[in-house]
Each structure stands twice: as structure tokens, then as C-alpha cells.
Amino acid sequence: MSPRRLMGRIGLWFSVFVIVSPAILFFLWMISLSLKYEIDNAAYPPVFIPEQFAWKNYTDVLASNRFLTYFFNSLIVTGGATLLAMLVGVPAGYGIARMAAHKSAIVILIARITPGLSYLIPLFLLFQWLGLLGTLVPQIIIHLVVTVPIVIWIMIGYFETTPLELEEAARIDGATRWQVFRHVALPIARPGLAVAFILAVIFSWNNFVFGIVLAGRETRTLPVAVYNMISFDQLSWGPLAAAALLVTFPVLLLTVFAQRQIVAGLTAGAVKGG
Amino acid sequence: MSTITETSPAAAETSAAPEQEWHRPTYWPFVLPALIVVLAVIVFPWLFTIWMSFNEWKVGSPTTFVGFANYLRLPNDPRFVEAVGHTIVYTALSVILPLIFGTLAAVVFHQRFAGRGFLRGVFIMPMMATPVAIALVWTMMFHPQLGVLNYLLSLVGLPPQLWVFNPATVIPSLVLVETWQWTPLVMLIVLGGLAAIPTEPYESAEIDGAGFWQMFRYITLPLIMPFLFIAGMIRMIDAVKSFDIIFAITQGGPGSASETINLYLYSVAFVYYDLGYGSAIAVVFFLLIVLLAAVLLYLRKRMLWTEIGGGA
């Protein structure tokens, strides 16, 4: 390696280090906060690695049965909203792509531009009128605002790139349109299904604004539950950070392991919920 | 020079086949369920919001039609006017800073190095992480006495700051979080643009003895402009609507120093339960976003036009 190339390499690694460190340092600090007793968290200068790890912060959070309730609420809301969105959104993406009905994408664009709060006023009144406010149903339905556009948008993009020849061959062999979709188009679009599913899950899981309005004490999802912890125990940083980390941990895990799909999905449609 | 084939003859043949025309309408059953959902959760709320914005409606009392009264209240509502100002400052900063840092990061991630995929995954973690969870950690980091940020400032000899607890610094502090969170999205979009640039211009520039900066300025930047524009547009739409981070860290405070339109809308609709007025704010807010997007599109057209004009 020539000295000039070596300098270039060192420069590159230095740049990589500078660029990635805000993310790495932040999450390391988050872990550090979550593993410290109050004495260490209140110390100045700050302690990065404590002498004694406060695993208790995690066991306390997990042991409280409220946390488990909220975890299952999040699971049901995100799971329900994502599955429903896949169920209606995947065929819709296929139909729109095959009909070349590009104008219908404007509705999705409008949904993308609209602030989440403006859906809340009418739907809040509707759910109140239907007497559904104490249940998880309103949250599942309103999360569709986030998940359905993501799924449709990504699936249109995928079905537009899948070859038509195979489908036409199947049609000539006498397959119905549904059979063509189910047995020819869908298997080819499997990578797209994964992308749509992952992004819908993440943006639904992270959603906060719908929960603060629609969730009651028993129907909070994890982001809302964590927010409520801030207001109650302002000073116990350890358990708070532990709870925050537990809430976002599934998403971070998914980000690292499915980063190829996430990058593909985000650069294709650049969709974000809320 | 290599020849550019735009469409393969086979593809052109199939799309021109008469059968295509015949089976187009029959795809409606595929779209119908989604159409019902979209009508119910997106279109219905929109129509309802517009209708409600013409009514005086507080929860628990009957509604009365008031025409444009809710809209006329807006310019005379100092809190709303102030919120518009905060939103503009917050949005401008939250578009420009991620664009700059995201482009720099994309140039670095465009190089080949070991562990690039993994590090890119780490780099995009801030934007995928649950906003409320990271807001909570930032709140701890902003703490004037115990926060790690003031400790870091003291290491480089700077005086401690009040961050989000000072009306003068609260918006820049929140923009810091927003920039940290959304620079990765800009990076991904620009990275896509960089991947599409051919290598020939760089090779000839290198022969001509151009330096790294010159190549960036005169080759890379013009070619990634369309991608920067898309990134800026998306960033603008998201920054205007930003809610989670601001709400979780400051709730619009101290006082109302960081109250943006979206936060004010929340207060009006779900703290004061003034739903008619809240709906009017929602409509105006939406129109404002559409207007901003239109202005950006117009600027883009102008820019293209002058580029062509300058080249002639």
C-alpha cells in the first residue's frame, strides 16, 4: 500500500468514526444510564461504566405486571394494524400496479402529508360515539392510517417491477385472476412483502401521538406508558432508561438484522408514519 | 459509448397487447377492501374535519354553525401566530442541517470499507428507534446539572447551557435532536443518488488533476441535486409535523417557547377540547404544508430553468 493510499484509508476510517459516533455514543450512554444506581446517575463528573451494574432496573420494570400489560397492548395494536394492512394493502398494491392507476397514489401522498393529529379529532368523536374508547379497537383502526399507506406504496413499487409474462402464461393456462395473484405474483413479490411488513411494524410500534389521545389507563401502548413514567418519577433515571431501552429494543434489533430491507423500503418510497 | 436501450422490444409488445385493455377493469376486486379502509380512516376524517371547522363545538355542548368564524379567529390568536413563527424556524433548521450532514455522511458511506453494511445499520438506528424512548434519554442528557452534554461542553472549555430549559435555546436544542434523528434518512436518499452516478466523469477529472473538493463541487453536487431536492422535500414535510420529540421533551415549553402549530393543535383539540377551532387549525396547517411543498416545487422548476439557461 502506497503512503498516499494509506493516508486515504486512515482519513476514511476517521470520517466513518466521526459519522457513526453520535449514534453509537448515544445508545451506549442509554445502556449506561439504564445499568446505573441513582448514586452513579447523579454523579458529577458522569460515570460511564459503574462499579456495580444495576440489573435491578430491568428486573423491576419487567416484574411490574403493568409493563407486561402494555407490552401485550403494543403487540396487539401493532400486530392487528400490520396484519390488516397487509391483508387489504397487498392486493390493492397489485391491483393498482396492474391497472396502472397511478393517480390513486395521490390519496397515499395526501395521507403522507397530513399531520396525524388531524385524523384524531373526527375518529376520536366516532369512537366515543360507538362506545369503543375503553378497548384496543380504536388504536388498531387508527394505526391503519400509518400502516395501510406504507404497505400499498411499497407493494405498488414491487408489483410494477415483477414480470408480466409469467402471469399471462398462467392466464392462458386457464388460471383465474385470483389464482394468478396468489400463486404467481405473490411468491415473486416475497421480498417486497418483507419490506412492507417490517416498515409497517416499526412505524406502528413507534407511534405515540394516537396513543396519548385514545389510550386509557388499561389500553396504553409502550411508548405512551414510557411517556407517562417521565411525568411520574422524574428523578429515577435508571429504571426510566431501562424501560425506554426495552421499548425500543425490538425495533433496534430489527433495524440491525433487517437493515437491507429497511434501506430498500425507505429509499423506494421514503414513507414514514404519523 | 455504450448504447442505451430504454425498453426491451418484448416489454413493448406485451404492454401494447389488446388483452391488456380488456382485463384492466377487472382488478377492482383487489383494490376494493383497501378502498373501503382508506375511505373510512383517511377520506372520512378529512371531510369531517372540514365540516367541523365551520362549527363551534366543545365537547359536552351542542354544535352551532358559525361559518368562517373559526378561521377568522386564527390571525387574532397570538398563540397561533407565535406557533407559526416557531414552526418556520424549527422547520428551516431541521431541513438544512440534516441535508448538510446527510450529504457528507453519504459521501463517506459511498466508499468501500470493511463492515460498511453493519455500520450503515448502526447509523440509521436513530431514525428507526422509538421517538419517545430517545426523547427521554435526550431529556436526561439536557439536564443542566447532571446532564452529560454540559459535561462534554466543560471538557472543551465551554460554559454550561440551559438547553431546553431556556426559551432562547430550546428550539436549537430540539433541532439538535431532530438532526441527530433524521440525518440518516437524507444519507440514504443521497446514497441512492451517488450509486447512480457513472464513474467516467471522475476518471477524466482525475486525469485533469482535479482535487477531491473540486470533484465534489463540480461533478457530485450537480448530479445528486435531484436527490437532495427529494430529501429536502420529505424532510420539510416531516419537520413541519414534528410532534413526538417536542411533546416528550418540552411539551411546547418553557412557557410556549417551543410550541409549534402541531403542538398548539394538540392543546386546542385535546386539552381545551375546542374541536371546531382545532379542526380549523388542522385545515390551515395542512394547507400550509401543501403551500410549502408547492413553493419548493416551484423553486426546483426555476432552478432547472436557470440551469438550462446558464448552460446555453
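In which crossing, left-handed or right-handed, does H6(A) pass H7(A)? The model examined here is predicted: local features require pLDDT of at least 70, side-chain atom pairs count only at pLDDT 80 or more, and totals for chains, interfaces and linings use all residues. Residues are numbered from 1 along each chain as its sequence is written, and chains are lettered from A and ligands numbered from 1 in the order in which they are written.

The crossing of H6(A) with H7(A) is right-handed; a crossing is termed right-handed if the near helix is turned clockwise from the far one by less than a right angle, and left-handed if anticlockwise. Helix H6 spans residues 116-130 of chain A and helix H7 spans residues 137-161 of chain A, and the two pack at an angle of about 150° with their axes 11 Å apart. Axes are lines fitted to C-alpha atoms, for helices over the stretch in contact, and angles run from 0 to 180 degrees between N-to-C directions. On the side of H6(A), the contact is made by A:Gly116, A:Tyr119, A:Leu123 and A:Phe127, while H7(A) supplies A:Pro138, A:Ile142 and A:Val145. Residues are in contact if their C-beta atoms, placed from the backbone, lie within 7 Å. By class, this contact comprises 6 nonpolar residues, 1 polar residue and no charged residues, where Ala, Val, Leu, Ile, Met, Phe, Trp, Tyr, Cys and Pro count as nonpolar, Asp, Glu, Lys and Arg as charged, and the others, Gly among them, as polar.

The secondary structure of chain A amounts to 14 helices and 0 strands, whereas chain B has 15 helices and 2 strands. Helices (H or I, at least four residues) and strands (E, at least two) are DSSP runs, numbered from the N terminus. Taken along the principal axes, the C-alpha atoms of chain A fill a box of roughly 75 × 75 × 30 Å. Of the 274 residues in chain A, 47% are buried; for the 312 residues in chain B the proportion is 39%. A residue is classed as buried if 20 or more other C-beta atoms lie within 10 Å of its own, as exposed if 12 or fewer do, and as partly exposed in between, with C-beta atoms placed from the backbone. Among contacts between residues at least 6 apart in sequence, 78% in chain A join residues at least 24 apart, and the corresponding value in chain B is 69%.

The contact between the chains takes 74 residues from chain A and 68 residues from chain B. Helix H3 (residues 28-52) of chain B gives the most to the side of chain B that touches chain A, with 14 residues. That side has 52 nonpolar, 11 polar and 5 charged residues. H3(B) bends by about 40° at B:Leu39, the bend being the angle between axes fitted to the seven residues ending at a position and the seven starting there. The buried residues of H3(B) include B:Phe30, B:Val31, B:Ala34 and B:Pro45.

Across the two chains, helix H13 (residues 237-257) of chain A and helix H8 (residues 131-142) of chain B have axes that come within 8 Å and cross at roughly 150°. H13(A) is therefore roughly antiparallel to H8(B), a term applied to angles over 145 degrees; those under 35 count as roughly parallel, 65 to 115 as roughly perpendicular and the rest as oblique. The crossing of H13(A) with H8(B) is left-handed. Residues making this contact include A:Trp237, A:Leu240 and A:Val247 of H13(A), together with B:Leu136 and B:Met140 of H8(B). Its composition is 9 nonpolar, 1 polar and no charged residues.

B:Arg120 is found in helix H6 (residues 116-123) of chain B. B:Arg120 counts as partly exposed because it has 19 C-beta neighbours inside 10 Å. Leaving aside neighbours within four places in sequence, B:Arg120 is in contact with A:Gln259 and B:Phe109. The C-alpha atoms of B:Arg120 and B:Pro184 are separated by 8.9 Å, although these residues lie 64 residues apart along the chain.

Backbone features of chain B include a cis peptide bond between B:Gly253 and B:Pro254, with omega of about -5°. B:Pro254 lies in the loop between helix H13 (244-249) and helix H14 (261-270) of chain B. B:Gln251 is placed in the loop between H13 and H14 of chain B and, although not a glycine, has a positive phi of about 55°. B:Tyr273, also not a glycine, has a positive phi of about 50°.

How values were computed
Two residues are in contact if their C-beta atoms, placed from the backbone, lie within 7 Å.
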